[in-house]
Structures are given as structure tokens and as C-alpha cells.
Amino acid sequence: MKKIFTTLCLLMLSLAFSISTQAEEVVYDFSTSIPSAWTSSMTPKGYETSGSARGTQFMENGTLTLKGAKDVTKVVVECSCNIASGSSISLSVGGTTWGTENLAKESGVQKSFTGASASGDVVLSLSRTEKSIWIKTITVTCGSATGGGEGGEGGEGEGGGDATDLDPNYTYAEPTVVTCPENKGNNMVYSFIQNNIKVECSTGAMTDNYFGCNAGQTITFTATKAIKGISIDGYVKKGFDIDVSAGSVEYYSDDEEDVEANPVVLITDIDAKTVTLNCVKQMRCYNVSFYFVENPDGDIDDGGGDGGDEGDYTYEYEPTEATTLNITFDEMEYADYSEYFDFAYTDLYFISDDYEMELVAFAPAASGTALAPGTYQITSDYAEGTIQASPGGDDMYDYPSYIAADFEEYDGEWYYNSAYYLVSGTLTVEKDPAGVKMTLKGKTYYGSTVNATFVGKPVNYDEEEEGIDTVSTTEIPGVIKQIRSNQIIIRQGKHSYDLQGRKI
């Protein structure tokens, strides 16, 4: 996901660097990534950059470690919690425990730990029974800290990489390829520079054939020019999973076997000088190609695995000839699924005679208007207060936000044959005497323009957990059927079923 930094944020980070060089305080910013000086045993769920802006979200127990700090006297953690009791954080310095703080359901609180001056690893342990803990900043008062005292320096999604050793006037090839320069060994912290790309790994390997990142560790790539995309030829362990500090990632993953592929990981739309990869399982890099002008060509086939965060999606079901869709929807239903995802998530479904539209809003539902009045951007960054841009569809179904079109009747039932995938635009929500007025102005993947409105009373429908016995668009609003690869798929709201009513 892309990070958003204001000029004020950059100024504050610059000040943090200045202060840290005076050996007083180092402020590590977890707002949009895990700073490069820290290692995490946990994979972040995401980064909350709007609304409450609580920083890095964790949904598992584990540790954050800052290695080799000297003369530490105080550590302050700015954190949030999503449960009233049962969660806590504790801190140790150089192997000595400095205390434990219990967390309540609170946002942006500061938990302070102090002790006699100590040197060694600073270890913050997160313990939770359910739901999330967020970390926004960690401030260390000390003689000196690792990571060059830069704290959480990022700047426009740069993720904390150190570019001081790079040539700012270097001209990058398209692509610029990086391979392992030498054999140094396994299970070590390492960094190297090749073709003006800096590679930094919290723990991994450098061999004759590859450089790699161990399970539960991070690897950071830094350039002096904004990176557009990265293609990694390499190898991943079975059950591989990955999270990136910027851009969209696709990757091979198989629950039963290790995978070797060219590419095995593909990252697009990074648009930052630094990107950090958090690897749940081990990854080996044979060749890493960096693109600065355009995204790399090619797709990741999931090879029977889970397909990564983005899956094996396609836009091929959208008509390629751009057109303008002027739609007035007659019905609108919504459901708030926030409690199931542990973040704000509301599903919206619109119905007219010729079109049906499904939107996902990363915002809580609002009584009477479905969403709180305001303007919501259609984006792919999963930020709170936005509408999800569609990643496309597959042979089973389409993914929000999209418009179903070209309906036809078959054996008394209705199906649609094409979809328009919304990738940008806005949804404006206004109160209206009839209930709510929603106005969507958007663009689809192949450039079609959408002008859609709904005025009326939205209907809040409950999530159904059982299979559908009988399906009729007149008896159950919001039900549609698709024909994909000679299969008939039935959808109601966010769920899909086969013709026997079994939930897919």
C-alpha cells in the first residue's frame, strides 16, 4: 500500500533525525511501515493512515526488536487496542524486563517504560487474546541506537531505507538487475549495494546462487529514484506469504510444496524510493529486476496455491470499448461486516433494471444513509474512508467494486455476461428527504465513464450463513447469477453459492 506523507510529517522526521544525532531521543515512526532498524516476529495486518491513523496493525502475538541500543533510560510506546481487556505490551532492555502495561479499548495512548541505564536489544512484546494491537511510534531515550538514528524515516512511502551510500546522479537501466555479489553465509544481518540499489536484510543468507530473507524477517530495497515495480526470480518455502510497505504484490504460494518460479514475486505501483518486504516464510532471490518507468510485464499464476494478496485476477470480462454508463438505481441494500474483519467494512449493493453494482466501503455503516454523508474516493490502498477499487475478476466471480451488465434469461433465471470494474472516482453520500442520495462518478479499467445515482431508503440486510434453497431476484433482492467457464455461480451480497445451495 502506498504511504501518504505531508510536508509537516517530513519536517518532523527531519527533526527526529537531528535530535537523535545529539544522542537524546530517537522517534521510530510505525505509521506506514516497520522502521528498518526494527525487526518483527509478526507480519503486519496493515497500516492505518487515515481516520484514527493508529499505525501498524498486528493480529498475532510476538515481538518487535531494536538491536544494539546503548545507554537506554526510557522507552515510550504510542499504541492502540481494539478490545477492552486481555491485551498487554511488555518491554525489556538488554534482557532485563522493564515492566508490563495492560491495554484497554483505547486509541493513541502512550505507555512509558523506564529503568536504570542499560545497553543491548530493546524488545517490545505484544500479547493479545483477540482482535488487534496498533503501534504508531516508539520513542527511545538513549546514548545511541541502531539504524543510524533515523527512526522511522520514510518520506512518501519510502519505508525507512538508507540511501546515504548511493549516487544521487546515477542513471538506472530499465530494468536494473541485482544478483548476489558474494558468498557470505547464512542466518545473518547483511546489506550490499549493486547497480546503485541498496539491499538490507534483517536476517537472511548470501550464497553463490542467491541472496535470501529468513522466515519472519524483512528485506528492504532502496534506490535514488522512485521504483515503479519489482520482479523477483527465485524460490519460496511452502505456505509463503508476504506483505509490502508500498505497492501491490502478487506471488506464488503452495501449502504443500516449495515453489521456484520466474518470477516468484511481482510488485507493481510502488512509486517510492524504498520498499520493505515482510516475509512470513523464507524467500530466495536469484535475480531481482527493478523498473522505474513502467510496471514489469507478466502475471503470477498461483500454481494451485493461495495466489497471494491479489490473487489471479483479470479484467478480461470488461468490454474493451470505452463507453458512458448513465445509471439510475432503484434499490440499494447494505451490510456492515466490520466485526468479522476487525476493520471498517460495509458492503453496498445497488439494483436497476439493466445493471447491478456492488461497492465495498472501508467505513462503518450509518443508520438512515448506509454510509456517513461525505465523499469517498475509489482507491486500491485499502485506506479507511475509501471505496475499494476492483482488482478484477476470475472464473468464479467478480470482486468489488464493479457493475454487472449484459443480463440474459436462461431457463427462467437471470445471469450476466460482462462486468465493468471501477478503478477510480468518487462516491458522494448526502442526506435526502427520501433517505439518502448517492452519486457515483467513476472510471473503469478500460476507460468507461460511470455516472450513477440512487435516491431512496437504503435497506440493511443481515448476513446469511446458510445455503440458499431457492433463488429468485424477485424473492431475494441482491441475488445474481454468473456464467463463468460453463459454471453457474449464485451470489447474494458478499457470498457465493453453487446450484445446490452450498456456500463457496
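Which backbone nitrogen lies 3.2 Å from a polar atom of the side chain of glutamate 48? In this predicted model, the atom in question is the backbone nitrogen of alanine 53.

## Surroundings of glutamate 48

Glutamate 48 belongs to strand β3, which covers residues 46-48, and with a relative accessibility of 14% this residue counts as buried. Besides the approach to the backbone of alanine 53, the side chain of glutamate 48 makes a polar contact of 2.8 Å with the side chain of arginine 54.

When neighbours within four places in sequence are set aside, the residues in contact with glutamate 48 are Ser31, Ala53, Arg54, Gly55, Trp134 and Glu384.

## Cysteines

A search of the whole structure returns zero disulfides. The sulfur of cysteine 81 has its closest cysteine sulfur in cysteine 79, at 8.1 Å, which is too far for a bond. Cysteine 201 likewise takes part in no disulfide, the nearest cysteine sulfur being that of cysteine 213, 4.1 Å away, whereas a disulfide would require the two sulfur atoms to lie within 2.5 Å.

Both of these residues are shielded from solvent by the criterion used here: cysteine 81 is buried, at 2% relative accessible area, and cysteine 201 is buried as well, at 3%.

## The chain as a whole

The chain contains two helices and 36 strands, and 53% of its 504 residues count as buried. Among contacts with a separation of 6 or more, 65% are between residues 24 or more positions apart. The chain exposes about 21700 Å², of which carbon and sulfur atoms supply 44%.

Technical notes
Residues are numbered from 1 along each chain as its sequence is written. This is a predicted model: local features need pLDDT of at least 70, side-chain atom pairs count only at pLDDT 80 or more; totals for chains, interfaces and linings use all residues. Side-chain values use heavy atoms; hydrogens and water are left out. Buried means under 20% relative accessible area, exposed over 50%, partly exposed in between (1.4 Å probe, protein chains only). Helices (H or I, at least four residues) and strands (E, at least two) are DSSP runs, numbered from the N terminus. Contact means heavy atoms within 4.5 Å. Accessible areas come from the Shrake-Rupley method with a 1.4 Å probe; for residues, only the protein chains shown count as cover. A polar contact is a pair of N or O atoms within 3.5 Å; within protein, one must be able to donate a hydrogen and the other to accept it, and residues adjacent in sequence count only if both atoms are side-chain atoms.
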